[in-house]
Amino acid sequence: MLKLEPRGAPSQAWTLGSPVLALLVTVLIGVLLLSSLGKDPLAGLRMFFWEPINGLDAISELLIKATPLLLIALGLAVCFRSNVWNIGAEGQYVMGAIAGGGVALLATEDSSQWIVVAILCAGAMGGMVWAALVAFLRDRFNANEILTSLMLVYVAVQLLSYLVFGPWKDPHGFNFPQTKTFEDATMIPRLFEGSRVNIGFALALLAVGAVWVFLYRTYAGFAQAVGGMAPAAARFAGFSARKTLWIALLISGGAAGLAGALEVAGPIGQLTPYVPAGYGFAAIIVAFVGRLHPVGMVFSAVLMSMFYIGGELAQSRLGLPKSITGVFQGLLLFTLLACDTLIAYRLVRRRTEV
Amino acid sequence: MGLPRLSLQGITKRYPSVVANDAVHLRVEPGQIHAVLGENGAGKSTLMKIIYGAVQPDAGTVEFNGREVRIRNPQEARAMGIAMVFQHFSLFDTLTVAENVWLGMDRGTSLEQVTSQISETAAVYGLELDPQRPVHTLSVGEMQRVEIIRALLTRPQLLILDEPTSVLTPQAVDKLFVVLRQLASEGCSILYISHKLHEIRSLCDACTVMRGGRVTGQCDPRKETIGTLSHLMIGSEPPQVHVGAREPGDTMLEVKHLSLVREDQFGVDLHDVSLAVRAGEVLGIAGVSGNGQGELLRVLSGEDVRASAGCVQLEGVDVSAAGPAARRTRGLHFVPEERLGRGAVPALSLALNLLLTRSESVSRGFLKPAALAQQAAGIIQKFGVKAGGPQALAQSLSGGNLQKFIVGREIDAQPRVLIVSQPTWGVDVGAAAQIRGAIMALRDAGCAVLVVSEELDELMELSDRIVVMAKGRISPSMARAQADASKIGLWMSGLWEDSHVEA
Amino acid sequence: MDLLIAATLNSGTILALASLGLLINEKAGVLNLGAEGMMLCAALAGFAAVVHTGNPWLGFLAGAFVGAAMAGVFGWMVIWLNTNQYATGLALSLFGAGISAFLGTGYVQEKLPDVGQFSLGALADLPFVGPALFSHHPVVYLVMLLVAVLIWTLNRTRTGLVLRSVGESPHSAHALGYNVRAIRWVAVVTGGSLCGLAGAYVSTVYTPLWVEGMIAGKGWIALALTTFATWRPARVLLGAYLFGGVTMLQFHLQSIGVDVPSQFLNMMPYVATVVVLVLISRNPQWIRLNMPQSIGKPFHPGT
């Protein structure tokens, strides 16, 4: 019968191969799911994997969707590598959106374009403050960051709801719960003419480089990693556990907040109750599928965006609920975790002992 | 001779990276105290796990009382009358003694019955124990008694003890031997795993020697000398470490009246600890682990900075509140007893592990990978570390080689003060000799060295002066020439007030 | 007032059920962060079962079954494949949220058949105490019974002792010959079935409808509750009722038109969770003495 045997050293091949295998399994299950629902599986495959990259417009939309996912995932990768489980990136994203949106609302017709810088800075700060709360509670009171960061997501969402239903509601908006559309000056500048992709994507790529250098080429990044891998060794080396905690949370909070501000001042253009789109949670999956590696996460962010866009297409063309995206995303993480077993263990056939 | 109690023929067990047991034969008679002798890594533990049912052999047969058997799990072993006292206790801290023993027995007896059986058995063999105490309140020696009583309650025909004396004072070892001889006289066979030649000669009437997974000899230890036993165990005489005489220099490390409440509730408080280490001198701290050594070492290394001002001084400078990095800058380096997980990060390469304590290859916060690899390669070569190069992961090295790398990493920093904890625990004899040699060379070059070790033999070999740590206190020091095992044994129980020795 | 007590008990029952289930698997050393996902799927399963069969008990059965099945898969992955417990639990929650939303779209407008009132006969006719305490759904009383059973099992029986030992030190338990993995799996599945029961209760009794995301974080709060209660069943019940009280207070304040925006009232249970977490975590000694030592750590018998 088949047994799992520990390997002497982690398998390099499977470290890269596991996400690929996981994707294949997910696709297989997806095909089965679509067939069982009476939908054409080939059409489904096309919608998820071909349409999103078919043409310049499609790729633009893909990159726009990938930007917040990548940004948040970069921050989460630093966190998870430090063994700080920040599950509340969604809340930090919302607070970044609120902060950035708040600054955007201050703009008038004559505001200079530099207000964009203020918006983005406010967004990053908003996310950082919200994450700092989590860090403080863990640092001072030893409260588990998984639960506190998650509870703060619900609080942030309620706060947003209060603002758009209340003090920030657009007086000319026919009583819809939304702020007024932001002035033109606040719009995040486009990267090229003719494409909706904005500088947010460029920022995300810059962040990829910055995080790579931080994790692999700086002493501080090394200290973070050791703190996550072997806390006793970190203590032995003299790395401050407190510093590790704060750096991890501030970086991921800032990244998530920045993503929130970019979305709100970019594609969305106002604050609405629909700002929390689940990117903070999807980014967790992006981080894992990307092996917590900056370059790997570029690919997994694009893959996740394909799932999002494919889901929207499946809704409009196949009549499937949009939540099919969530199903596939969750499934991908599951299969990835299962396939990751092959990195540390090998499958062998053993004679059953009599 | 009637039927042997236990007979192993051709037992073989392979793991991915090593053959732990290679065609091993073993024969134990009823009522015999049979030693299994071998250095660390010889395959003794694996063999015992096979006998106890925790591991299945790949080949070979096991016969118990003349009948061939297949021991598939520890419950079957227990049912047959095989009991084991583990080297690393299988106890549950938050449960009571009685509950712990009950868990180790099979269904059928109630907790009340077990509790009274514990008291009876303890009385018969002179092993005092209160069944209602939670295990985490017991000393290490008392914890071992729980293990022994748990084994005895199953009325074993074969009792296996795996390195039982590493946690005992010399006096407690004598008491244990009395218990074992009594058991043997009642017909119970005893398998005694150890690498301590003195003990085997004094206790056992038969011995099987293992090396590298194979049996290299069988003998009657009472008829052998330390030299011949050692020859069987490692294939040669034990390597001698040359200790030159040296005049000690200035006091480099001083601890003054250190008292500290424990950090972890299962730890030990420190009371009025004072000691001094001089340049060119080795001070050894003897003592059974669990008496505050870990706590003291954390204060000395800087991992614990709660000591009051002035308690810890490096060359006269107060470092009580300084962290590990600051102390390293002043020349204090430390080799902890836990290698994987504290001294090195298992999943990182040797080169990266260098960064834990050495920052020569870091420039303005940025890492220089090429310089780092070169630095690591240098240490690997200088200290004879068998590894696949600087990029080899720490977890891929054998225990001895990893320890050589870690010790090498600290010695290469040319420290002014070196603290080492359990320098050769779990390390093969060859590497152990190398490590001890390196420590002595450092001392000869003028470094102040503090060694903490459970192995009294090792301390006697290495130290110029010895102190004993017991219950969070430190004894007065004695010169090596005046040290002897029985006095140290007495002091390990904390009884040094009466005999006052100045070094 | 009696309605307020009733609301407290009702709301607390959900948390208590889920939290007791989580307590069982945490005692064995396994942390299941997938509670929210399991409860969502179980809520849908329970709702659907009652819609199609009209039998409320089948709803509970369906919920418990779904919870157990999902926990079973989770358990297989973390216990035999040794996947990271935190990540796998998260995956379960995310997947559960997704698939329940997906499969539940057809049930959004459905209504449940009326199941009538429950009462404990004569006791329910007592003035005040009757409606407040004795007219509840059987599951409310079941939870109280469950707490008693759990306390007895954990502390007085060999099964309970074995479970605790596996959570304390799986390697020691393995060395003594116990099948650590099987014991853990059984604990996880049992815990999952209780979480499933809680989920079904939400969708068939508490608010009889189906809407995606209707568990609204109760799974996470239940996780916090086990820590807050330092893994003791009686304290879990107390804590659950406390939270139930907070929820009840929130609705009550909204209904009497207190002049606070509803969103801040909605925040109350979540803020309360953070507060209790802070209160209990401040003393690491309490946690260390009561927390099963092996929570979250993988176990492989070969090592």
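In chain C, residues 24 or more positions apart make up 79% of the contacts with a separation of 6 or more, where two residues are in contact if their C-beta atoms, placed from the backbone, lie within 7 Å. The model is predicted: local features need pLDDT of at least 70 and side-chain atom pairs count only at pLDDT 80 or more, whereas totals for chains, interfaces and linings use all residues. Residues are numbered from 1 along each chain as its sequence is written, and chains are lettered from A and ligands numbered from 1 in the order in which they are written.

Chain C contains 14 helices and 0 strands; helices (H or I, at least four residues) and strands (E, at least two) are DSSP runs, numbered from the N terminus. Its pattern along the sequence is α-α-α-α-α-α-α-α-α-α-α-α-α-α. The C-alpha atoms of chain C fill a box of roughly 60 × 40 × 40 Å, taken along the principal axes. The radius of gyration of chain C is 19 Å, which agrees with the value near 19 Å for a compact globule of 303 residues. This radius is taken over C-alpha atoms, and the globule rule is 2.2 Å times the number of residues to the power 0.38. Of the 303 residues of chain C, 53% count as buried. A residue is buried if 20 or more other C-beta atoms lie within 10 Å of its own, exposed if 12 or fewer, and partly exposed in between, with C-beta atoms placed from the backbone.

Chain C touches both other chains described here. With chain A, 40 residues of chain C are in contact with 36 residues of chain A. Helix 4 of chain C gives the most, with 12 residues. By residue class, the side of chain C that touches chain A holds 24 nonpolar, 14 polar and 2 charged residues. Here Ala, Val, Leu, Ile, Met, Phe, Trp, Tyr, Cys and Pro count as nonpolar, Asp, Glu, Lys and Arg as charged, and the others, Gly among them, as polar.

With chain B, 13 residues of chain C are in contact with 16 residues of chain B. Helix 7 (158–168), helix 8 (170–175) and helix 14 (284–290) of chain C are the elements that give two or more residues to this side. The largest share, 5 residues, comes from helix 7 of chain C. The side of chain C that touches chain B divides into 5 nonpolar, 5 polar and 3 charged residues.

Chain B is divided into domain 1 (6–234) and domain 2 (251–492), with bounds that come from an automatic or database domain assignment. The C-alpha centres of domain 1 and domain 2 of chain B lie 32 Å apart. Between them, 14 residues of domain 1 of chain B are in contact with 13 residues of domain 2 of chain B. The domain 1 side of this contact comprises 5 nonpolar, 7 polar and 2 charged residues.

In chain B, 6 strands form an open sheet of mixed pairing in the order 6-7-8-3-9-10; two strands pair if DSSP finds at least two bridges between them. Strand 6 (82–85) and strand 10 (214–219) of chain B each have a single partner strand and stand at the edges, so one side of each is left without a neighbour in the sheet. Neighbouring strands of this sheet are turned by 20° against each other on average, direction ignored. Strand 9 (residues 206–211) and strand 10 of chain B pair in the antiparallel sense over 5 bridges, and B:C207 stands opposite B:C219 in strand 10 of chain B.

Two helices of chain B pack on the sheet. Helix 6 (residues 170–185) of chain B touches strand 3 (33–37), strand 7 (158–162) and strand 8 (189–194), and its direction makes about 145° with that of strand 8 of chain B. Helix 8 (residues 226–234) of chain B touches strand 3, strand 9 and strand 10, with a direction at about 40° to that of strand 9 of chain B. Axes are lines fitted to C-alpha atoms, for helices over the stretch in contact, and angles run from 0 to 180 degrees between N-to-C directions.

Strand 4 (residues 59–64) of chain B pairs in the antiparallel sense with strand 1 (residues 6–14) of chain B over 5 bridges, and B:T12 stands opposite B:A59. Strand 4 of chain B also pairs with strand 5 (residues 67–69) of chain B, in the antiparallel sense over 3 bridges. B:R67 in strand 5 is the bridge partner of B:F64. The hairpin of strand 4 and strand 5 of chain B has 2 residues between the strands, and B:N65 takes a positive phi near 55°.
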